[in-house]
Amino acid sequence: MRYISTRGQAPALGFEDTMLTGLARDGGLYVPEELPVMSRGDIAALAGLSYEEVAVRVMAPFVADAFDEATFADMVAHAYMPFGHDARAPLVQLGPNHHLLELFHGPTLAFKDFAMQLIGQMFEHTLTKRGERVTIIGATSGDTGSAAMEAFRGLDAVDLFVLYPHGRVSEVQRRQMTTPSEANVHALAITGHFDDAQARVKDMFNDFDFRDRVRLAGINSINFARVLAQVVYYFTSATALGAPHREISYTVPTGNFGDIFAGHIAKRMGLPIRQLVVATNQNDILHRCLTTGEYRPGTVEPSISPSMDIQVSSNFERALHLAYGGDGRAIAQLMDELKHGGFTVSQGALQTLQDTYVSGRATEEETTAAIRSALDRTGELLCPHTAVGTHVAEAHLGQGPMITLATAHPAKFPDAVEAATGIRPPLPARMADLFDREERITRVDNDLSAIEAIIDARI
Ligand SMILES: *Cc1c(COP(=O)(O)O)cnc(C)c1O
């Protein structure tokens, strides 16, 4: 399969180069040139298979030019071995027609593990085959960094540096980044905010001498391989509830639009999805845009669901690309306008977006109330991101099964959960020693040459 840029000006690539390149050279994001379609029979045949078997069947057409099926099946098996649940992504019932898809049984307790664990295997395989080695750099507000540390630690072909804002991640998130002892993974605590960390990462990619010298690669959610891995759990959950014979709806707590866009791909591949509901916190640019067509970033308002505190939602560009019928020139124009404050989606494209997505938002009070109400009515403890989802989902129930994605384990955000319920959720037994493990922290100033010097010295 060939992958093309949403902005239409970069060369088309195969799967492995798409994965290693990350951002296209014209500034766009890679998308498959054409999506494979699964027949009703193919989808019906997924029911009852293991998560790993479904993963291989759903992703095979996307990666066929890179890995033969046995090799790929082996990578998938390795990727999901460290999960703490045999079903990998189990469903739990919340109400008559409302289900929770628990995506937090991976090694770092958030859904990011599904993609990151597999990407680790795929990077290692491709780089070893090519005799290459790369330096991966990522900025994180917490969940992406910890998932990356866990996925890449101990691999031979990769050095990983994770830049997180000092003092601004939860203790669980920090310890997950600072306690792995393998020599190829490094947590750097930068003075400043997440935006500073992200800006320095961009600077490193724009410092071409440095970029080429250390062979820089990226693993944030603009990487199509990450979106692809997330398509799988739409298939496992929908078939468990009766697809393709019934239509299923999904509500997805959304920040960078990666997780929900994976649902859009599943729908385009033939999975009968009725509604895709975008759930945002008070940082509601996506909700406003899907309602009015106006995409104008404001300033980030920190919330109790920090992994969704985003004003520029990178993967939304992929949804726009579909809505504009693959017109790369139109997308490049919109992204140019974004640099100058924002853009307005055309009437036709907005209609197409609204045919696929509906949306809603939750305030801080509504999020806290949703955590409390879930506990009262079902005995389930929800993380604040998931609670944004269940709050928004409530407005869309009553048209067949609704699945809300539970994106993190409540123990990853214990302060918000305790404030809402009085209960401090414990870590799962398999990681109960997290607070006893030794931390390795490197402090660094918000300064490009200081960061680059550390990386040069360590690789
Ligand atoms: C990353 C993250 C999200 C947002 O996912 P996107 O793919 O960026 O929309 C939601 N909840 C949690 C817990 C996350 O870590």
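Residues 2–80 carry the UniProt annotation "domain: Threonine synthase N-terminal", which comes from an unreviewed entry. In this predicted model, that stretch is 47% helix and 8% strand, and its end C-alpha atoms sit 27 Å apart.

Next up is the ligand. A shell of 15 residues surrounds the ligand, and the closest are Lys 112, Asp 143, Gly 255, Asn 256 and Thr 407. Sorting the shell by type gives five nonpolar, seven polar and three charged residues. On its own the ligand would expose 380 Å², and the protein buries 96% of that.

Most residues other than glycine have a negative phi, and most peptide bonds are trans. Leu 109 is not a glycine, yet its phi is positive, about 70°. Leu 109 belongs to the loop between β4 (98–102) and α5 (112–130), and it counts as buried because its relative accessibility is 0%, with the cut-off set at under 20%. Phe 257, again not a glycine, has a positive phi of about 75°. Phe 257 falls in the loop between β9 and α11 (258–268) and is buried, at 1% relative accessible area. Finally, the peptide bond joining Ala 243 and Pro 244 is cis, with omega about 5°; Pro 244 is found in the loop between α10 (224–240) and β9 (248–253).

Conventions. Residues are numbered from 1 along each chain as its sequence is written. This is a predicted model: local features need pLDDT of at least 70, side-chain atom pairs count only at pLDDT 80 or more; totals for chains, interfaces and linings use all residues. Side-chain values use heavy atoms; hydrogens and water are left out. UniProt positions are given in the numbering used here, feature names are shortened, and annotations may be inferred rather than shown by experiment. Helices (H or I, at least four residues) and strands (E, at least two) are DSSP runs, numbered from the N terminus. A residue is near a molecule or strand if one of its heavy atoms lies within 4 Å of it. Accessible areas come from the Shrake-Rupley method with a 1.4 Å probe; for residues, only the protein chains shown count as cover. Ala, Val, Leu, Ile, Met, Phe, Trp, Tyr, Cys and Pro count as nonpolar, Asp, Glu, Lys and Arg as charged, and the others, Gly among them, as polar. Buried means under 20% relative accessible area, exposed over 50%, partly exposed in between (1.4 Å probe, protein chains only).
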